[in-house]
Amino acid sequence: MSSQRDQFSSKLGFILAAAGSAVGIGNLVGFPVAATKSGGGAFLIVYALFVIFICLPVMLAEMGMGRRAQKSPLGSYMELAKGRKIWHLAGLLAVLTPFMIAIFYMVITVWIFGYLVQSLGGNLDQLASPGYFSAFVNDPWFLGYFVAVTAICNLILVGGVRQGIERAAKFLMPALFVMLLLLVVFVLNLDHAELGVEFYLIPDFEKITGSVINNALSQAFFSLSLGMGILMTYGSYFRRSDNIVTSGKWVAVTDTAVAFIAGLMTLPAIFAIDPSTNPETLSNSSVSMVFSFFPKIFMALEASVGYFFASALASVFFLLAFVAAITSLVSIIEVPTAAYMEQKRVSRGKSLVLMTIMVTLLTLLTAASFGLVPALQQVAHYAGADKSVFDLIVDVFYETILPLNGLLLCLFVNWRWRRENLEEELAEGNPGYPQTFFAKYVRFSISTIIPLVLLVVFINTVLTKFF
Ligand code: PHE
C-alpha cells in the first residue's frame, strides 16, 4: 500500500493551522472598519449570527467531506460523487478558486513584507508620505520581496502537514496573539482612544441595510476561509479519532475573537490620531487602509513617543499583518499543491516546484497591472469602469465564486453525498453528536436556509459587481 497520508499530530495542531488560515488581513483591518461603518455593535451581532448559523455548518461540511474522502477537494468531489462526472466540475472549481485567490493574496503579502522591511529600516516617514504607495507598487524591489515571501512559503510547505504547516502555526499563532495584545494595550492608552471604542461598539440598528447584511456574510465567509477548499484539504489531514465539531467551533471562535480584538486596536488608533474622524469617510478597502492610512497613524505618533518608538510600533504592526497573511497564504497554496500531488502522483517537492512557477508567472502579471504594463490595467470593462487583472481576480474569485462554492457544496451534500453520510462523519470521534440540537440544526439548515442565503448573496453580488 502507499504510505500513510500526512496528518496533523493533534486537535490543537489542526485548530492552530486552520485558525492561521482564517486569521488574515481581513480580520485586522477589513472587519473592524466594516463594523464601524455599518452600525458598530449591530454589525457585530449580525456577523456573529452568520458565523454561527450559516458559516459553521458549511465549515463542518467541508471538513467532513475532506476527512471522509481523505483527498484534496478535487479528489473528494470525484470520490464522493460516485461516478456522477458533473460534480467533478465543482471539485475543479474548488481547486481553481484557491489558486486564483492565492495570486491576489500573494501580491498583498509581498507588499506587507516590503512595508515591514521598510519600517524596520527606519523609513516610516517615507511610508507615510503622500503618494508613496502608488510608487511602491511599481517599484522593482517588488521582485526581491516576492522572492523572499515565496521562499518562506515553500520552506513551510515543503515540510508537509505535521513538520511544515503545523509546526509553523504552533509558533506563529501564539506570536500573533502576543503582538496583537501588545498593540491593543498600547493603543487603548492613547488619548481619545475611547472614541474609537464607542464607534466600534455602540450599536446603531438603523445602519443595518440589505447591502450591509450581504457584506457581513461575504466578510464572514472570506474570514473563515470557506469556499476555498482549504478546510476540505485540512480536514483530510485530520485524525479519525478527533472531534471535527468542537475543532471547527474553536476555529470559528478564534477567528471571530481575533477580528473583534483587532477592532480594539484599529479604531482607537484611528481616533487617537484624529478625534474628529468621521467613520463614514474611512476607506472600504483594506488595502488602502493598511498601506496608506496606517503608516500615517504611526507617523503621527512621532510627536508623542518619538520617531524611533513610532517606527518600532509600525514594525510590530506590519510583522503582525505579515504573520497573519503568511499563514493564510500557506493554507491556500496547499490546496492546489495537494490536488496536483494526488492527481499526478508526484512528490510534494515536484508539486511545489510547479506551483511556484505558476504562481510566479501569474503574480508578476498581476503585479504589473498597477501601471507598469498599461494594457494590464484595462483587461475588462464592467460596472462602468476599466478593470485591471488584479480587480478582475478579486471581483470574480474572491467576491463572487466563494458563495457559489459554498452553494455547490450544500447541493452536493444534499443530493449526492447525502446528509446522513455527513452526519456519520461528524459523529466520528464524537459519538453523541447526532443527538445534539446543533446536529439537528445542521441537518435542517444545510438543505434549506444556508443554500438559499448563499444563492441570494451570489446573485446579488453578480448584479452589483458586474452590471
Ligand atoms: N481568512 C483570510 C483573511 O481574513 C482570508 C484568506 C484565507 C485568504 C486563506 C487567503 C487564504 O484574510
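Mentor: Let's start at Cys55: setting aside anything within four places in sequence, Cys55 is in contact with Phe50, Ala220, Phe221, Leu224, Leu226 and Ala252. Keep in mind that this is a predicted model.

Trainee: What makes two residues count as being in contact here?

Mentor: Their C-beta atoms, placed from the backbone, have to lie within 7 Å. Cys55 also matters for the largest nonpolar core, which has 169 residues: Cys55 and Ala321 are the ones with the most contacts inside that core.

Trainee: Phe221 is on that list for Cys55. Which residues does Gly406 touch?

Mentor: Not counting residues up to four places away in sequence, Gly406 touches Val58, Phe221, Leu226, Gly227 and Leu454. Gly406 and Phe221 are 185 residues apart along the chain, and their C-alpha atoms are separated by 8.9 Å. Gly406 itself sits in helix 18, residues 389–417.

Trainee: How do you know whether Gly406 is buried or exposed?

Mentor: Count C-beta atoms. Gly406 has 28 others within 10 Å, and the cut-off for buried is 20 or more, so Gly406 is buried.

Trainee: Then why is Val46 called buried?

Mentor: The count for Val46 is 21 other C-beta atoms within 10 Å. Val46 lies in helix 3, residues 41–69, and touches Ile208, Ile213 and Ala216, leaving out residues up to four places away in sequence.

Trainee: And what makes Lys82 exposed?

Mentor: Lys82 has 9 C-beta neighbours inside 10 Å. Exposed means 12 or fewer, so Lys82 counts as exposed. You'll find Lys82 in the loop between helix 4 (73–80) and helix 5. Arg345, in the loop between helix 16 and helix 17 (348–367), has 9 C-beta neighbours inside 10 Å and counts as exposed.

Trainee: What is phi for Lys82 and for Arg345?

Mentor: Phi of Lys82 is near 45°, and phi of Arg345 is near 50°. Each value is positive in a residue other than glycine. Most residues other than glycine have a negative phi.

Trainee: Last one: which residues are closest to the ligand?

Mentor: Gly24, Gly26, Ser225, Ser328 and Ile332, out of 15 residues surrounding the ligand. Helix 1 (11–22), helix 2 (25–37), helix 5, helix 11 (210–223) and helix 16 (307–344) each give two or more residues to that shell. The shell around the ligand divides into 7 nonpolar, 8 polar and no charged residues.

Methods:
Residues are numbered from 1 along each chain as its sequence is written. This is a predicted model: local features need pLDDT of at least 70, side-chain atom pairs count only at pLDDT 80 or more; totals for chains, interfaces and linings use all residues. A residue is near a molecule or strand if its C-beta atom, placed from the backbone, lies within 6 Å of it. Helices (H or I, at least four residues) and strands (E, at least two) are DSSP runs, numbered from the N terminus. Ala, Val, Leu, Ile, Met, Phe, Trp, Tyr, Cys and Pro count as nonpolar, Asp, Glu, Lys and Arg as charged, and the others, Gly among them, as polar. A nonpolar core is a set of buried Ala, Val, Leu, Ile, Met, Phe, Trp, Tyr and Cys residues joined through C-beta atoms within 7 Å.
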